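Dear colleague,

Please find below the structure that I am handing over to you. My notes on what was found in it follow directly after it.

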Amino acid sequence: MGSCICLILVLCFSSNCGTPKLVEPSNANAIKPVTNNNALKSDETLYYLDLSNPSIRQPIEPTTDNVETARFVQVEVAEVLNPKKYALTFEVHYQSESNTKIYLGTFSLYPADNPGKFIVPTQGNVKKEGAIVLSLVMVDKVDVTAPVKVGVKRIKFLKEQ
């Protein structure tokens, strides 16, 4: 049943949305990390996306061992503030050092205010140099004063799932 719902959502998004634009913050880390010590361990930082800052860029550290052999990028959505339950879609791109962007995939929250862990295949396109760009794409027409805020943990690379 869950895979059926996911398939329906994918078909709805792919048929109605067109190509959403990737919005970059004005500098590489425009979204400031905030640590929430009540909900997380002190060493786990959350990075927030919202309507005014819809993208984060996480540079790939050269010391990360399994980047080029990783099969998946894992994004953990830890907090969601979306009281009107607008449809939230996230795009994941790999951006090389030469600023070439490669689309890796998309995922959506279901229900629209439900946190969780999501994986997107790397398709063998992620290298040690570059960054992962995560962008919040609003599918619904949104009241710009509506509170929409999503906190994500540091993006990870997985060999198997």
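Setting aside its neighbours within four places in sequence, Leu134 is in contact with Leu49, Pro54, Ser55, Ile56, Val75, Phe90, Glu91, Val92, Phe107, Val152 and Ile155. Please bear in mind that this is a predicted model.

Several of these names return in the largest nonpolar core, which has 30 residues. Within that core, Val92, Phe107, Ile132 and Leu134 touch the most other members. Two or more residues each are contributed by strand 3 (72-81), strand 4 (88-95), strand 5 (101-108), strand 6 (116-121), strand 7 (131-138) and strand 8 (149-152). As a general point, nonpolar side chains tend to be buried together in soluble globular proteins.

Eight of its eight residues are buried, so strand 4 is largely enclosed by the rest of the structure. In a regular strand the side chains alternate between the two faces of the sheet. In strand 4 both faces are covered: one side carries Leu88, Phe90, Val92 and Tyr94, the other Thr89, Glu91, His93 and Gln95, and all of them are buried.

The pairing of strand 4 is as follows. Strand 4 runs antiparallel to strand 7, and eight bridges join the two; here Val92 has Leu134 as its bridge partner. Strand 4 also pairs with strand 5 in the antiparallel sense, over seven bridges, with Phe107 of strand 5 as the bridge partner of Phe90. Strands 4 and 5 form a hairpin with five residues between them, and Asn99 in the turn has a positive phi of about 70°.

Of the 161 residues in the chain, 38% are buried. Among contacts with a separation of 6 or more, 78% are between residues 24 or more positions apart. The accessible surface comes to about 9,300 Å², and carbon and sulfur atoms account for 53% of this.

Finally, a word on confidence. The mean pLDDT of the chain is 79, with 73% of the residues reaching 70 or more. Over residues 1-43, however, pLDDT stays under 50, and the model has 45 contacts beyond four places in sequence for this stretch. Where pLDDT is low, the predicted coordinates should not be read in detail.

With kind regards

Note on methods:
Residues numbered from 1 in each chain as written. Predicted model: local features only at pLDDT ≥ 70, side-chain atom pairs only at ≥ 80, totals over all residues. Heavy atoms only, no water. Core = buried A, V, L, I, M, F, W, Y, C linked by side-chain atoms within 4.5 Å. Buried < 20%, exposed > 50% of the residue type's maximum accessible area, 1.4 Å probe, protein only. Helix = DSSP H or I, 4+ residues; strand = E, 2+ residues; numbered from the N terminus. Contact = heavy atoms within 4.5 Å. pLDDT = per-residue confidence, 0-100. Areas by Shrake-Rupley, 256 points an atom, 1.4 Å probe, with all protein chains shown as cover. Pairing = 2+ DSSP bridges.
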